[in-house]
Amino acid sequence: MALSTSSNFAKPDDAFRAIVEAHRGLTDAQSADLDAALVLVLANHIGDLDVLREAIALAKRRTLDASQQQQQQQQ
Amino acid sequence: MASAHTAQAKTQFGYRRHPDQERSGANIAEHPVVVVGAGPVGLSLAIDLAQRGQRVVLLDDADRIGEGSRAICFSKRSLEFWDRLGVGDRMVEKGVVWSVGKIFHGASQLYQFNLLPEEGHKRPAFINLQQFYAEAYLVDRVEQLPDIDLRWRNKVIALESRNDGVALTIATPEGSYQVYASFVVACDGARSSLRQMVGAEFAGQVFEDQFLIADVKMTAAFPTERWFWFDPPFHAGRSALLHRQPDDIWRIDLQLNPDADPVAEKQPENVRPRIERMLGHDKFEFEWISLYKFQCRRMAKFIHGRVIFAGDSAHQVSPFGARGANSGLEDAENLAWKLDRVLRRASPEGLLESYHIERSAAADENIRESTRSTDFMAPVTKQEARLRQAVLSLAKDTEFGKRMVNGGRLSVPSVYDTPLSSGDRDSWRGGPRPGASMLDAPVTEPGGGSSYLTEVFIRQGTRFTLLEFGNGAAADVPEGVGSIRLGGEGGLVDAQGLAGKRYDAEPGTAYLLRPDGYVAARFRNATRPALDAALARASGLN
């Protein structure tokens, strides 16, 4: 099974909203704790190491891209 | 500090001058194999080689067995090896048998595990036994074997490799002398001087966290289980381990901060309040205190010409998982039969390369497992700590969380991906695959007596052995190969059906076991040509 990046939610806004609302009212530290737990719960639900690795790679590429852009803007 | 063990086991030995020391020049003594280091690995290797008919010189730079409990957890696999060396019963009689571990977070239990939840094995998952007892029993066994020449206070100070062997210069209280050896096995520990002499690197990961070991003597009602705490009330923010040893000795392992002062932390007056907080009383005495940092690393090559490295000299892991001494013992059993065959010229020297292939892969596995445990106990970054915390809190109410909690994954035998194995050609639903170690099971002798497969294997001489599930006449077994037959006329009886189940057996199923008890090949029907081919492959002959 490969990582699915097509849109899987009938109402993507509801899904995004659910996650955002979970963080409402939390401090940054509490939010980070919540994300850590959420990642582990979801990773276990997926239960496929290859998919997990793909997901990590995809997410990580975005953070790397962002930090490169930041560096270029600073130059 | 008290040393109660001296009354029960001999630990002090004397230097004795050897006739080799009179020889020099063209007259230097030549030996087939010299083992350097009389710790658990060197002693076990020497015994195995001697039992296979080799003459062994065993050197040790000290004249006594080291102080302190050090390694305490010996695995089922190690006990099965020691059974073959004739010391298993003594170890188990003295040792504390255990198989259950419990993991706590704060004051409450997260979960428990059983490392050997099934019946029908001769040996338990683990025993706890102070290393000095293990060494003392091994020395006693060595002294029964005239083919082992154990020389105390003989320190190798120089090594010169030759095409057909090694010249060793050995220092003694009466000056130095030389010997030649066809093979040298360096079992001289983590700070191996032989490793430096061959110029090998020993690179790896250093962990900053410090751990305090205190072995205390007390009478306590704790069950014989491995207890591990994350963030216990008595040692906030760090981890702790409690483990029982013989003689009312308890191993306590406390994680300290990376910046803790090692000299101060070791002082009994500073350790005492920590232990009092843990136990809730002060009725204990210290047996041994040690403070350590550790490294995970291995040599790139375990074989340097005719110098072979085994045990801590070749690889080091963190102590969480009982992977140090046990993996060293697995090195010894892996090497002994191969070196014996090479010395007898039954196999080419290339067979030894499989020792490096199999055991360096096992070392990588041990390093990987113990590094993961260590990282879990001592998270490096803030986010790592956060993820660890999330796992611990999820473990309270989810099964997946419990399984992710890593308080040490305990040593199990590796499965070798090795050129000595013949791959499966038939279809199997279970059973140990080629490269895995044999499984024990209870069997009944034709006369009615009960025994175990591991015992029958020993009686076959721990040589290549065909384990066969009877189907009419016995298989045509090549010369020199032992035979264990279950079922059929005159065969052993699998009364409880456990052997058949564990080996996924049908009538005619046969496993070719190596002399170290690993599976070389398996067949639904063993034909002579297929057996011959598998045997040749496992002997390094093709």
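**View 1. B:Val96 stands opposite B:Asn128 of strand S7 in chain B.** Three bridges join strand S4 of chain B to strand S7 (residues 126–128) of chain B, the two running antiparallel; strands pair if DSSP finds at least two bridges between them. Helices (H or I, at least four residues) and strands (E, at least two) are DSSP runs, numbered from the N terminus. The model is predicted, so that local features need pLDDT of at least 70 and side-chain atom pairs count only at pLDDT 80 or more, while totals for chains, interfaces and linings use all residues. Residues are numbered from 1 along each chain as its sequence is written, and chains are lettered from A and ligands numbered from 1 in the order in which they are written.

**View 2. An open sheet of three strands in chain B has the order S3-S7-S4, with antiparallel pairing.** Strand S3 (73–75) and strand S4 (96–98) of chain B are the edge strands, each pairing on one side only. From one strand to the next, the twist averages 30°, with axes being lines fitted to C-alpha atoms, for helices over the stretch in contact, and angles running from 0 to 180 degrees between N-to-C directions.

**View 3. Helix H2 (residues 76–84) of chain B lies across S3 and S7 of chain B.** The helix H2 of chain B runs at about 70° to S3 of chain B, and two residues are in contact if their C-beta atoms, placed from the backbone, lie within 7 Å.

**View 4. Chain A has three helices and zero strands.** Read along the sequence, chain A follows the pattern α-α-α, and its C-alpha trace spans about 40 × 35 × 25 Å along the principal axes.
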